[in-house]
Amino acid sequence: MPGFWANLRETDSRVLGVVTDRYQVVQNEDAFAFTDNLLGGGITYETAGSLQNGRRTWILAKLPQRYIISGDEITPYLVFMNAHDGSGAIKAAMTPVRVVCMNTLNLALATAKRSWSTHHVGDIRGKMEDARHTLLYADRYMAELGKAVDQLSRQKLSDRQVYGYIDALFPLAGNATEIQKKNLLRMKEEVKVRYFDAPDLKHVGKNGYRFVNAVSDFATHAKPLRETANYRENLFARTVDGNALIDKAYSLMKAA
């Protein structure tokens, strides 16, 4: 088709995506070159991989800072992702993890970005500038996350309120089938168990922070109703882009 190209991987001629003639190929080596400038700040690479048969590649980096927020140790990670299917620019995203249970806390904060795009420009100055902006955004996000967690920790919840919030997370459609009702009930019960009985939340108190953590634990660790072949890839993508269920839980707390 005029104006479009198939983006091929040279090693096996696999089509990674159909792109316009304005698309510029950015090789993985070039896409992640600017991250090397982050290593001077004590950042370390943890692991790397690809999604969707190589359409997207990623690197996970750990920031050196140790954050204690409301008595919890939170480790900040950065994920850098490059796309070869024309779906977007090089992306960086915050993925803070609560160490004691490995729950992700990349909340959708109104005051700080949890993800941003970086446009590789090829020269040393550009790489250093991208690295500087990345560290600036990461520091700002963690500072604002600390404020959000403190506010959630002060938000006391009664058991009745928790039940209401869980119902709001899993609304029942008017035309729901018996199987759908059963599945919703199962998910609600799983969140309740995580909120009331999780050992790592016993010291937290019955508050908004506990609720968000219970939902995060369910969203990222619960066995799915139906595990598809690409379930884990989709879960990782939601971790990078933001998990809708965790975002909804946080929105419910903010609106309370």
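Select Tyr195 to begin: this residue is buried, with a relative accessible area of 0% (buried means under 20% relative accessible area, exposed over 50%, partly exposed in between, with a 1.4 Å probe and protein chains only). The model is predicted, so local features need pLDDT of at least 70 and side-chain atom pairs count only at pLDDT 80 or more, while totals for chains, interfaces and linings use all residues. Residues are numbered from 1 along each chain as its sequence is written, and side-chain values use heavy atoms, with hydrogens and water left out.

**Around Tyr195**

The charged end of Arg210 sits over the ring of Tyr195, 5.1 Å from the ring centre (the criterion is NZ of Lys or CZ of Arg within 6 Å of the ring centre and within 35 degrees of the ring normal).

A search of the whole structure finds 6 aromatic pairs (rings of Phe, Tyr and Trp, the last by its six-membered ring, pair if their centres lie within 6.5 Å; planes under 30 degrees apart count as stacked, over 60 as edge-to-face and the rest as tilted). Phe196 is buried, at 18% relative accessible area. Then select Tyr163, Tyr165 and Phe211, which form one aromatic cluster with Tyr195 and Phe196.

In soluble globular proteins, nonpolar side chains tend to be buried together.

Centre on Tyr141. Not counting residues up to four places away in sequence, its contacts (heavy atoms within 4.5 Å) include Met94, Pro96, Leu105 and Leu107, as well as Lys113 and Arg114.

Go to Asn243, in the loop between helix H6 (231-241) and helix H7 (244-255). Is Asn243 buried or exposed? At 8% relative accessibility, it counts as buried. A polar atom of the Asn243 side chain lies 3.0 Å from the backbone nitrogen of Leu245. Asn243 also touches Ala219 and Arg238, leaving aside residues up to four places away in sequence.

Next, select Asn53, in the loop between strand S3 (44-51) and strand S4 (56-62). Its phi is positive, about 55°, although Asn53 is not a glycine. Most residues other than glycine have a negative phi. Asn53 is partly exposed, at 48% relative accessibility.

Ser70 lies in the loop between strand S5 (67-69) and strand S6 (72-75). Its phi is also positive, near 50°, and Ser70 is partly exposed, with a relative accessible area of 34%.

**Zooming out**

Show the whole chain: it has 7 helices and 11 strands (DSSP runs numbered from the N terminus, helices being H or I of at least four residues and strands E of at least two). Of its 256 residues, 46% count as buried. The C-alpha trace spans about 55 × 45 × 25 Å along its principal axes.

Definitions and conventions. A polar contact is a pair of N or O atoms within 3.5 Å; within protein, one must be able to donate a hydrogen and the other to accept it, and residues adjacent in sequence count only if both atoms are side-chain atoms.
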